[in-house]
Amino acid sequence: MGKYNVTIGLEMHCEVSETKSKVFSSSKNEYTDIPNANISPYDMGFPGVLPVLNKEAVRMSLMMSMILNCRQPEYMYFERKNYYYPDMPKNYQITQNPPEDCVGMEGYIDIIREDGSTFRVGIDNIHLEEDAASMNHLYDTSVIDYNRAGVPLLELVTKPDLHSADDAVAFLEYIRAIYQYCGISEADSKKGQIRCDVNVSISDGETLGTKVEVKNVNSFSGVRETINYEIKRQSELKDAGRYDEVVQETRRWDEESGTTIRMRSKVDAEDYKYFVEPNIPRYKISKEWLEEIRASIPELPYERKEKYMQEYGLSDYDAGILVKDINIAKYFEKTISLGVDAKTAANWITGNILGYTYKYEIQIQELYLTPERLTVILDSMRDGKISSKQAKELFYMVLERLEEPADIMKKEGMQQISDDGAIIAIVSEVLNENLSQIEEYKAGKTNMFDYFVGQVMKKTRGQANPVKVKEILTEELAKR
Amino acid sequence: MKYMNKSITELHDMLINNEVTSDELVKESLELSHEVEDKCNAFVTILDDAKGGEVTDDLLSGIPYGIKDNYSLKDVLSTGSSNTLKDYVPFFTATAVENLSKHGAIPVNKTAMDEFGMGGTGTTGHTGVQKNPWDTTRMCAGSSSGSAAAVASGVYPYALGSDTGDSIRKPAAYCGIVGYKPTYGMISRYGLFPFASSLDHCGVLTRSVRDAAIVVDGMKGIDHRDMTTWDSSSIKLNDNLTDDVKGKSLFYIKELVEIENYDNPSEELKRHLEIFDETVKRCESIGIKVEGVSIDKKLLEAIPATYVVISCAEATSNMSNLTGLIFGPRGEGNNYIEVMKDHRTKGFSPLIKRRFVIGSYVLQTENQERYFKNAQRVRRLVVDTIKEQFKKYDGLILPVGTGVAKHLDGSKDILRNDTSALEEHLQIGNFGGFPSITIPDGFIDGLPVGVNITGNCYDDQNVLNIAYALEKTMDYKGQIAREVQ
């Protein structure tokens, strides 16, 4: 891209959604639209409440730390970050304070780009903390939903090792996949489970330029746009000799205008007065437990991708798409377990199905068209009961009508005409109606053949087996 | 007063033998509560609707008691003696109180205190000053001032206290009763309004060592809501209480108790330290070896400042939940910052605000190393120094404070700089989380003074046994305040 070196660092916050309870309280850790349904005195900071650390959240954090090739701490302890804001009713957040010990320190991860090349991203740290409540600012009032208050949150901080929006998004997508594969988080940005802070600077030499932080970017597409916008903004200022206007500051991404907007200068950064949380006694993490956690790390996306390519002969591209989201991989694996050929399944999922889910912004696991229903369609096609064109039509009908594919096939009289006698009759009919065209064909205009096929398909409303039609048409034309 | 001057075991026997009913005990305790309220201003709430309960084999069953107002009690006003929570009614009960309820204990009032426990005078609570029942021109000390006044006045055999620096053990001494805080984590702090979490202890004020053992047996226990609690189920303080303490050993700190260390000591201080000498001799008379140990005076003098830095820092953070947004009176203002500011400006007393400023200052990044981190180092040094002695001795014995209860108007008390280490040494018990008990050991001009015994963590039984044996050598067990004229 452009003439400047771009340096990007990311902070990725991901809610740990798969623990039963919150990180320091016993309230349910479960996403719900009903405000203040999963709350406890602790989450609301009532006097006299105390934090109780969720061991499962620590286990998941340590697993993530290992996958990121980080160093795990000898002792687990937490710190208080003190600041006043209504989304944090205690007005301090229990967190960890790197470079003080936290669940993961100084690691790295290798990412594979879509073109197959790889790059390494250094991990500064990953630390465990409690999430804040969510706030909704209305016209003259603000409402607070404490469901999210106290949900375990993992904050991953990269080294400034990224140099393009594409790489940044590839990194985030891969980390999201790991969270899902390990059963740590659904990592669904629509549920606000993933939030990113993006640091961008440009320079034309060896020394880094001025770092600009953009906070609370809540989708990966937002991250991409933020980075590209910041590169453009900073480059334009530099081109114009106004680089001094790029200052160390915190900005926010404004989705509507597609720009970043200044929030505050780094100079007014708040002093969080960190100190060790006295209510959570520091405890030693045993080697045995760490080994147990390490042994329980499941198959990760790249391993699975390799498997898909080796075992099922899928292309690098298809396998890459299938493993990106564990739910897609699960859908794929379920479909082939029902007997569908792997390549066919891969083609349909990466093509029709993902096309549909992206268009309507739904999750593959939410589709009415389950692997079982997909299999009915694909088996009918394989067995020649319906044409591939019909299969595609049926696919959309199932999704639109929310009806069983077999029922729709029956109702619509959908079946492929493969019977020789029936096809001969229709072919003869078409040829009889197009005598002049036959002459043209005989005179050497061979593309008239396709015209005849088209006419047969039209008459049969696409139900004729096209292979058969071509065979019989060739024979019948020869007779004329 | 027919019953409430008695001990828990005496009352229990009377209940079991049907000499009195639980209802009668509660009724008398409530009547006395109103009398003591008039005299000492000891309570925030008197639970006039309280009724007697079932009497079982449990020593605490059916017997009334008082709860310091910083313990959450479901459906009962619990203010911490602060305007910021003047109408706060919790919807859950502190674990320690819940445990006592399981033993059938009957709460009859909530006792007044220094606001959120952040004072040592009993003069900073939102309902006014607590007066010492021995002399109402004097303070009870704090912060468990109402509990001390009530137990000393014979409203019931015991009341709950909390202790961050000396808040149980100092008022116990000034009021001529027993004050005991067990090892850190023995009693759950869940539901106790925090002051400084790493120093806060729950405990009890009673009129005898045995009663203290019985009540703490009832309050203690591991709690899944407080990670700092530990399993003490094998410790049965009352069952194992014994006055056989032959061969035990105690040490005192020479720099604090030897009169030569003070220039022109007051008559009161002289007498106080003489009483301490007499107490040491009593210890020796029952077979306890007592020795003086020299500890660096600089370290001793650093204790009060260390305490101020750590306690204020933690308090600033602990009390930032008091904004009036979710509970407490809602402040006025055009945005949440103004609303919180208004609530806190109106709600807190000047003393607390001063402590918040100190707490914020010592935690600021540019000051943290110099103040907060250094205070933590000094704390560790003090604890290590004392623990070193615990390898040789069963406990530390020292006089409580510099004499008798101070005057409320302060005018008659001479403030001295060289006595601050003697005044504040009980903070050692909070630094280390040590079990620590104060019992009365004499009088100066009709006003009680106390002595403190502090032992190593988890060694509560030993500390109580020594105090129990020492108590038997004196006549102050079970005493009710007799007003001096």
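Student: How many residues of chain A are in contact with chain B, and with how many residues of chain B?
Tutor: The model is a predicted one. A pair of residues is in contact when the C-beta atoms lie within 7 Å. Under that criterion, the interface joins 33 residues of chain B to chain A, and the number contributed by chain A is 24.

Student: Into which domains is chain A divided, and what distance separates their centres?
Tutor: Chain A is divided into domain 1, residues 5-292, and domain 2, residues 420-479. Taken over C-alpha atoms, the distance between the centres of these two domains of chain A is 64 Å.

Student: How many helices and strands are there in chain A, and why is the chain described as more spread out than a compact globule?
Tutor: Chain A has 15 helices and 15 strands. For 480 residues the globule rule gives 23 Å, and the radius of gyration of chain A is well over that value, so the chain is more spread out than a compact globule. The C-alpha trace spans about 95 × 55 × 50 Å along its principal axes. The radius of gyration itself is 29 Å.

Student: Is B:S436 buried or exposed?
Tutor: B:S436 belongs to strand β12 of chain B, residues 436-444. A residue counts as buried if 20 or more other C-beta atoms lie within 10 Å of its own. B:S436 has 30 such atoms, and therefore it is buried.

Student: What is the relative orientation of α11(B) and α12(B)?
Tutor: Helix α11 (residues 350-363) and helix α12 (residues 365-390) of chain B pack with their axes 6 Å apart, at an angle of about 110 degrees. Angles of 65 to 115 degrees fall in one orientation class. The two helices, α11(B) and α12(B), are therefore roughly perpendicular.

Student: Which residues of α12(B) meet α11(B)?
Tutor: The contact comprises five nonpolar and two polar residues, with no charged ones. From α11(B) come B:Y361, B:V362 and B:L363. Their partners in α12(B) are B:N367, B:Q368, B:Y371 and B:F372.

Definitions and conventions: Residues are numbered from 1 along each chain as its sequence is written. Chains are lettered from A and ligands numbered from 1 in the order in which they are written. This is a predicted model: local features need pLDDT of at least 70, side-chain atom pairs count only at pLDDT 80 or more; totals for chains, interfaces and linings use all residues. Domain bounds come from an automatic or database domain assignment. Helices (H or I, at least four residues) and strands (E, at least two) are DSSP runs, numbered from the N terminus. The radius of gyration is taken over C-alpha atoms; the globule rule is 2.2 Å times the number of residues to the power 0.38. A residue is buried if 20 or more other C-beta atoms lie within 10 Å of its own, exposed if 12 or fewer, and partly exposed in between; C-beta atoms are placed from the backbone. Two residues are in contact if their C-beta atoms, placed from the backbone, lie within 7 Å. Axes are lines fitted to C-alpha atoms, for helices over the stretch in contact, and angles run from 0 to 180 degrees between N-to-C directions. Angles under 35 degrees count as roughly parallel, over 145 as roughly antiparallel, 65 to 115 as roughly perpendicular and the rest as oblique. Ala, Val, Leu, Ile, Met, Phe, Trp, Tyr, Cys and Pro count as nonpolar, Asp, Glu, Lys and Arg as charged, and the others, Gly among them, as polar.
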